[in-house]
Amino acid sequence: MQWADLAQFLDSGVAMLGASADATGQPETFRIWGATAPEEGVVRVLVSADACRTFEQVGPGARMALLFTDIGTFRSLQVKGRALGEPRPPGPDEMACFRRYDELFSGALQGIGHPRRLATSIRPLAVYAVDVEVDQQFDQTPGPRAGLPA
Amino acid sequence: MATDPDRIQLRDIEGCFDGVIPPAIATSSAAGEPNVTHLSQLYVVDDGHVGVSNQFFGKTTTNLAENPHAAVLVTDSGTYDTYHLDLHYERTDTEGPLFEELKASIESISSLMQMEDVFALRGVDVYRVLAVRRIAVGAPPS
């Protein structure tokens with residue numbers, strides 16, 4: 001996916017999930033509540049503060065997987081890359097992203113028949129911002145191309 | 001699973017296993033490369049095991065062959081509580097009662113979605129549940 005298209009996809013209310021793995025190989029998966037593409041090749045994600053194992057081990061160079069899915073069409077993209085730094089508390093721009101995503105994703109959930117309460121129930125209590133330098137993209141849309149490079 | 005009364009039991013979170021809210025599963029390669037993908041549904045096999053329909057898990061299957069650890073994030077459709085499950089892959093069933101039960105369920109779901117060809121069941125991956133953790137969520141945006 002071209003970078004401009006990815007940035008647009010991230011700003012369209014898609015479902016967002018992430019994963020990391022610790023040194024023993026135990027993975028953790030977590031919600032992401034907002035993401036942007038601040039520069040070519042970098043995705044900034046707002047990771048649920050509940051991802052405790054991830055925050056224990058994610059630092060510069062740690063591998064992360066990020067999954068973005070249009071819940072109306074099932075179009076899905078997984079990107080993988082390395083964290084560029086330590087997780088940090090969100091600044092004003094990132095909290096604006098959090099609120100915008102909250103509105104967009106809540107609308108998307110209601111668009112497929114879920115009540116607004118679902119979005120408010122799964123919204124993270126808090127988030128940390130993590131920048132990920134993307135080096136791989138995979139089409140994750142169900143079907144014969146699933147898992148192939150995007 | 002152990003009988004610790006404070007431990008969350010699978011039977012207490014039945015709404016996680018009805019397929020209303022699709023779960024996600026994470027795995028990792030032996031080299032530590034994580035992967036995450038959506039599931040159509042998570043199934044209870046018994047008090048200590050869950051099953052996952054394997055339809056198109058290319059990378060998930062590859063990772064499990066190298067590293068049996070997995071993790072699932074799943075939301076209860078009744079309470080909207082979210083849970084994180086640490087899992088250990090044990091086997092894949094390609095026949096038998098569990099496979100047939102899930103095959104019928106998958107065919108029903110895929111028919112509703114008009115994606116019968118896409119969602120053909122290849123096997124049922126069975127995992128031992130190592131831990132269940134409730135995710136703290138729900139605060140208003142600040």
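In chain B, 69% of the contacts with a separation of 6 or more link residues 24 or more positions apart, two residues being in contact if their C-beta atoms, placed from the backbone, lie within 7 Å. The model is predicted, so local features need pLDDT of at least 70 and side-chain atom pairs count only at pLDDT 80 or more, while totals for chains, interfaces and linings use all residues. Residues are numbered from 1 along each chain as its sequence is written, and chains are lettered from A in the order in which they are written.

Chain B holds two helices and seven strands, taken as DSSP runs numbered from the N terminus (helices: H or I, at least four residues; strands: E, at least two). Their order along the sequence is β-β-β-β-α-β-β-α-β. Of its 142 residues, 35% are buried, that is, with 20 or more other C-beta atoms within 10 Å of their own; 12 or fewer makes a residue exposed, and anything in between partly exposed.

Turning to the contact between the chains, chain A gives 35 residues and chain B gives 32 residues. Elements of chain A that supply two or more residues to this side include strand 2 (27–39), strand 5 (76–83) and helix 4 (116–122).

Helix 3 of chain A (residues 92–111) also contains Arg100(A). Why does Arg100(A) count as partly exposed? Because it has 15 C-beta neighbours inside 10 Å. Arg100(A) lies 9.9 Å from Ser12(A), C-alpha to C-alpha, although 88 residues separate the two in sequence.

Leaving aside residues up to four places away in sequence, Leu46(A) touches Trp33(A), Pro90(A) and Phe98(A), among others.
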